[in-house]
Amino acid sequence: MKPELVLANERVPFNNYPNFKVYDLAYIDSNNTMKKTNRQVIIDGDNVVSIVKKRYCAIPHKLVYDTAMTIVNERNIQVVERFTASTNDNNAFVMTLLDKTNYFDFDKDRYRLGITLCNSYDYSLSLSASLYLHREICSNGLFMPIKINVPNIRLKHIGDADKLIMRYIDGIHQLIDRRDVVLQFLQKMYEMQLTPKLVTIMMKYMPLQVLLKYAIIQGNDENDIIVKRNTNVLDVLNEYTYHFTHRQKMNSAVAYNIQRQLVGRLMKEATSN
């Protein structure tokens, strides 16, 4: 007789979310005895969404959303919701809250400031939030580097759920408080003219075919580079984002991570001048 998997010890960890349940995963052995495993089963609604280790502290996607919406309402922020859900049968959750009334125009190019929220049931994403700029002309996004985010907003699903949520709440408030840093960055990138030195920096992060639109590149040294025309750095960042979202089949998580590194390096260069 093959062991039969069974669910045991039903729990509803969040009273306001009764459809989110956690069970211990067990099995019935050949002696008809129930044996425990070190795994738990997460059920959201009618779906089994994940099987993870017992120490994994799963947080309902709806709780992540409701918590963020409570905060933005308290802070009198009107939002436009963009929901990109679900990989692996709804295991991963990503939502971007864009400021509905607070936007910024540069040469008829409109940017909205936002916060991106993430959560998962299967280790794929931490419970996190990050600052975000949304370019409306093509719906591309510019993620801010970790440097200007709050370190404790990227939370592993380990420990006490209530404490995780409290840290998440505190982190979102801190992100909202740091919105001016993002706006200063945006203005700086718009004012910053592309130079041979900046091209050498960008070459470490983006494909040459993107930079060749703006510069003649004959080597890796500044003296080997000629900028073709007056171009601001924000234009080049937008071109790079367009490249990996539209032209090149590239894993978005990898691409946005590279983008974060590049933006962080450019911020460092901007503040040193």
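Predicted model: local features only at pLDDT ≥ 70, side-chain atom pairs only at ≥ 80, totals over all residues.
Trainee: Where does asparagine 32 lie, and why is it called exposed?

Mentor: Asparagine 32 is in the loop between β2 (20–28) and β3 (34–44); strands are DSSP runs of E of at least two residues, helices are runs of H or I of at least four, and both are numbered from the N terminus. Exposed means over 50% relative accessible area, buried under 20% and partly exposed in between, with a 1.4 Å probe and protein chains only. Asparagine 32 has 63%, and is therefore exposed. Its phi is also positive, at about 65°, although it is not a glycine.

Trainee: What is the phi of tyrosine 123, and where is this residue found?

Mentor: Phi of tyrosine 123 is near 80°, a positive value in a residue other than glycine. The residue is in the loop between β7 and β8 (128–135).

Trainee: Why is asparagine 38 called partly exposed?

Mentor: Its relative accessibility is 46%, so asparagine 38 counts as partly exposed. Asparagine 38 lies in strand β3, and its C-alpha atom is separated by 8.1 Å from that of aspartate 24, 14 residues apart along the chain.

Trainee: How do you know that the length of α1 agrees with its number of residues?

Mentor: The expected span is 1.5 Å times one less than the number of residues. For the 14 residues of α1 (residues 61–74) that gives 20 Å, and the end C-alpha atoms are 20 Å apart, so the two agree. Among the buried residues of α1 are His61, Asp66 and Thr67.

Trainee: What makes the buried residues of α2 a single side?

Mentor: Those residues are Ala161, Leu164, Ile165, Tyr168, Gly171, Ile172, Leu175 and Ile176. They cover an arc of only 135° around the axis, and so lie on the same side of α2; the arc is that of the directions from the helix axis to the C-beta atoms. An α-helix has 3.6 residues a turn, so residues three or four places apart point the same way. The face turned away from the buried side carries the exposed residues Asp162, Lys163, Met166 and Asp177.

Trainee: Why is methionine 166 called exposed?

Mentor: Methionine 166 has a relative accessible area of 55%, and is therefore exposed. It belongs to helix α2 (residues 161–177). Its C-alpha atom is separated by 9.9 Å from that of threonine 67, 99 residues apart along the chain.

Trainee: Which residues of α3 are buried?

Mentor: Val182, Phe185, Leu186 and Met189 are buried. Their arc is only 100° around the axis, which puts them on the same side of α3. Asp180 and Gln184 are exposed on the face turned away from that side. Helix α3 (residues 179–191) has 13 residues and reaches 19 Å from its first C-alpha to its last, close to the expected 18 Å.

Trainee: How many disulfides are counted?

Mentor: A disulfide is a pair of cysteine sulfur atoms within 2.5 Å, and the count by this rule is 0. Cysteine 57, at 10% relative accessibility, counts as buried, and cysteine 118, at 14%, is likewise buried.

Trainee: What makes a space in the structure a cavity?

Mentor: On a 1 Å grid over the protein atoms alone, a cavity is a set of points where a 1.4 Å probe fits but cannot get out, and lining residues have an atom within 4 Å of a point. The search finds 2 cavities of 30 Å³ or more, and about 110 Å³ of space lies in the largest cavity. A volume is the space filled by probe spheres set on the points, which are joined across faces, edges and corners. The lining of the largest cavity includes Val72, Leu98, Asp99, Ile176 and Arg179.

Key:
Residues numbered from 1 in each chain as written. Heavy atoms only, no water. 1 Å grid on protein atoms, 1.4 Å probe; cavity = no way out; pocket = protein on both sides within 12 Å on 5 of 7 lines; lining within 4 Å.
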